[in-house]
Structure formats: C-alpha cells, structure tokens
Amino acid sequence: MTIEALKKWFYLGMTAIKLRQQPEREYGSGLTLLDTSEDTDNLGDFIIMRFCEEALKPLIESEKTLSVPTHCIPSAELLKKLEQCDRKIICGTNILYPQMEYASIWKLPPTAEAYKDCILMGAGWGYYSDKISLYTKIFYRLILNKKYLHAVRDMYTWNKLKHMGIENVVYTGCPTMWGLTPEFCEGIPEKKACYAVTTVTSYEQDRERDGYMIHTLCTCYEKVFVWPQGKDDREYILSLIKENEKITVLDRTLKAFEEVLKLSSIDYIGTRLHGGVMALNAGKRSLIIATDNRAEEIGKDTGLPILSRKHLKGALESRIYEDYKTEIHMPFENIDLWKKQFI
C-alpha cells in the first residue's frame with residue numbers, strides 16, 4: 001500500500017468519526033448539483049450537465065441551488081455551504097471507481113463529511129473491474145444517501161452498488177438519453193445521409209483503427225466534419241488525416257457541434273459517447289464506436305447504436321450503407337420513480 005493510500009485510510013477514519021458525531025437533520029431543504037463541467041477539459045461533461053439540469057428543471061426553479069465542482073477540490077467556504085444542503089445530486093458521469101484510495105476522477109478534500117447524503121443521477125462505473133476495495137465500499141456506504149433512490153446509467157453499475165450492499169438503487173440509463181422516447185426515435189432517419197460528423201478520443205488512441213474510421217468516412221460521405229470534444233482531440237485528428245482527404249475540423253465548442261447538427265442530411269459516427277447521444281437528441285442517425293465499457297454497457301441495456309472499435313474494419317462500411325432504425329429502450333418507469341422522490 002502506498003503512503004498516499006495510507007493517508008486516505010486515515011482521513012476516511014476521520015470522516016467516519018465526524019459523521020458519527022453529526023446530529024440527524026430533517027430532509028427537504030437545500031439542493032446542490034455536483035457539477036462535472038467545472039474545471040473539465042472534456043465538452044462531454046457540459047453535455048451531461050445540460051441534460052441533467054433540463055431533467056431537474058422543476059426542482060432547480062423551485063429551490064436555491066448550489067453548484068459544486070467534482071473535477072477540483074471546492075473552497076472551504078463552498079464545502080461549508082455543501083455540508084448544510086440535504087440533497088446533493090451527483091450529475092451523471094463515470095465517477096464511481098473501484099479503488100478510490102488509488103485513483104478517482106472525483107477530487108475530494110482530505111475528509112469528506114460535507115458530502116454526506118449524496119444522491120446519484122445516472123452515474124456510472126469508471127471502467128471494467130473485478131475487485132472493489134474495502135476502502136471504496138466504506139467510502140460509498142458513508143457518503144451515499146440511505147433514504148433517497150440512486151439512479152445509475154447501466155446494469156453493470158447497478159450490480160456493483162448491490163455488491164457493496166447499497167440496495168436503494170435503480171437503473172435509469174444516462175440522463176442524456178431520458179428524452180429518447182420511442183416516439184422521438186421514430187423521427188430519426190434510417191437511411192445514410194450525405195454528410196458525416198465524427199469524433200476521436202485522444203486519451204484512448206488506436207491510430208490504426210481511428211485512421212481507418214476517418215478514411216472510410218471520407219470514402220463513403222460527400223463531406224466529413226470532425227468535432228474535437230476533448231482538449232487534445234484536435235491535434236490527434238490532424239495527425240490522422242491524409243493529404244488528399246478534405247475534412248472540416250470544427251471549433252472546440254458546443255455551439256459549433258450544434259450548428260453542424262442542424263444540417264438536414266448528416267450522420268454521426270465517432271468514438272465520443274456523449275457526442276453521439278447529443279446527435280441522437282438532435283434527431284440524427286448515429287453510430288457510436290465503443291472504445292471502453294461506457295458505450296458497451298449502455299448499448300447492451302438500451303439498444304444504443306454502437307460498434308466496437310475492435311470490429312471496425314470488418315463492419316463499418318456495411319453499417320454506414322445499411323438502413324437501420326434507432327430503437328432505444330429506456331426504463332421510463334424507473335426514471336419517473338427517481339424524479340418523483342423530489343416532489
């Protein structure tokens with residue numbers, strides 16, 4: 001065990017002692033959104049927050065709302081305000097990690113008593129893992145709310161929480177997909193469009209397969225746009241493009257992506273999960289190239305149109321030209337159940 005991990009164990013014990021000394025509070029006052037879009041280098045986090053805030057709009061409009069970042073440690077003043085809130089919602093992201101004493105994208109102060117009673121909103125497991133550490137089990141059992149239902153984005157995450165003894169959890173899918181009703185999906189085109197917009201993932205590089213995807217799109221579509229969702233995506237994209245390929249690289253803004261999605265005949269095919277889901281919400285035929293567990297697990301549970309990157313070479317071109325319906329299966333009863341607990 002590393003020195004850093006030993007320190008975290010010490011502070012976890014301090015957190016447990018402080019929580020035991022806290023008096024019981026009445027529920028129902030104060031709302032905090034644990035915001036994944038603050039201090040982030042990934043515009044996908046802004047997509048997540050946009051849809052979370054839309055789903056929580058009635059609650060946000062009726063209550064004073066505090067925003068607390070998850071990608072950096074909040075100030076002491078903000079932590080004090082957070083501690084006084086009763087409902088602290090972790091807005092859908094892959095924030096749950098199996099060995100938090102060693103690695104996590106959730107940046108926390110040494111002692112985490114201010115986070116007591118956090119509620120998950122479509123959160124997911126960070127990566128495939130067989131082992132959950134004792135530290136992680138204790139941390140989540142201390143911090144996660146025991147009275148409200150937690151919403152998780154896939155059954156893999158649901159099973160992980162159940163394994164830790166957290167029973168008040170429902171599978172709802174990702175909040176970015178809560179509006180993809182059967183009626184909405186009926187309006188998404190089945191046939192190939194004239195143009196395509198794509199994405200790559202700079203921190204999950206596979207130059208051979210990513211290059212193949214770019215070159216195939218250039219062959220199959222009249223025009224190809226590339227949207228750099230992450231901070232290093234643009235550089236990676238430019239390194240993949242061949243001299244004779246005419247590709248338009250968009251600005252790294254949500255507005256630029258929204259504008260290109262307004263084109264009447266455009267498909268989305270790329271490795272960024274939330275870029276693809278945003279395209280679906282814009283009514284565009286989409287195919288998400290899965291590079292990790294997130295798209296794979298959501299695809300299994302919902303029918304999200306995905307193609308594993310490892311199968312790209314044998315299947316991409318045929319998927320581009322074949323007609324297919326977008327048939328998303330969301331657990332709307334569970335989504336309503338989770339929402340209604342705040343009414």
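1. Two strands are taken to pair if DSSP finds at least two bridges between them. Strands, like helices, are DSSP runs numbered from the N terminus, with at least two residues (E) for a strand and at least four (H or I) for a helix. By these terms, Lys 88 stands opposite Cys 118 in S4.

2. The model is predicted: local features need pLDDT of at least 70, side-chain atom pairs count only at pLDDT 80 or more, and totals for chains, interfaces and linings use all residues. Residues are numbered from 1 along each chain as its sequence is written, and side-chain values use heavy atoms, with hydrogens and water left out.

3. The sheet is open and has six strands in the order S2-S1-S3-S4-S5-S6, with parallel pairing. Strand S2 (65–69) and strand S6 (169–171) are the edge strands, each pairing on one side only. On average, and with direction ignored, neighbouring strands of this sheet are turned by 25 degrees against each other. Angles are taken from 0 to 180 degrees between N-to-C directions, and axes are lines fitted to C-alpha atoms, for helices over the stretch in contact.

4. S1 and S2 run parallel and are joined by five bridges; Leu 31 stands opposite Thr 65 in S2. Helix H6 (residues 155–163) packs on the sheet and touches S4, strand S5 (150–152) and S6, where contact means heavy atoms within 4.5 Å. The direction of H6 makes about 165 degrees with that of S6.

5. Strand S3 (residues 87–91) has parallel partners on two sides. Strand S1 (residues 31–35) pairs with S3 over four bridges, and Thr 32 has Lys 88 as its bridge partner in S3. Strand S4 (residues 118–123) likewise pairs with S3 over four bridges, in the parallel sense.

6. Five of the five residues of S3 are buried, buried being under 20% relative accessible area, exposed over 50% and partly exposed in between (1.4 Å probe, protein chains only). Both faces are covered, with Arg 87, Ile 89 and Cys 91 on one side and Lys 88 and Ile 90 on the other.

7. Helix H1 (residues 3–21) and helix H5 (residues 134–143) have axes that come within 11 Å and cross at roughly 25 degrees. H1 and H5 are therefore roughly parallel to each other (angles under 35 degrees; over 145 is roughly antiparallel, 65 to 115 roughly perpendicular and the rest oblique). Lys 8, Trp 9, Leu 12, Ala 16 and Leu 19 of H1 make the contact with Leu 134, Tyr 135, Ile 138, Phe 139 and Leu 142 of H5. By class, these are nine nonpolar, no polar and one charged (Ala, Val, Leu, Ile, Met, Phe, Trp, Tyr, Cys and Pro count as nonpolar, Asp, Glu, Lys and Arg as charged, and the others, Gly among them, as polar).

8. Helix H8 (residues 207–220) packs against helix H13 (residues 312–321) at an angle of about 25 degrees, with the axes 10 Å apart. That makes H8 roughly parallel to H13. The contact of H8 with H13 has eight nonpolar, one polar and four charged residues. Among the residues that meet are Tyr 212, Met 213 and Leu 217 in H8 and Leu 316 and Ile 320 in H13.

9. Leu 217 lies in helix H8 and counts as buried because its relative accessibility is 0%. Not counting residues up to four places away in sequence, Leu 217 touches Thr 198, Val 224, Ile 269 and Ile 320. The C-alpha atoms of Leu 217 and Trp 227, 10 residues apart along the chain, are separated by 14 Å.
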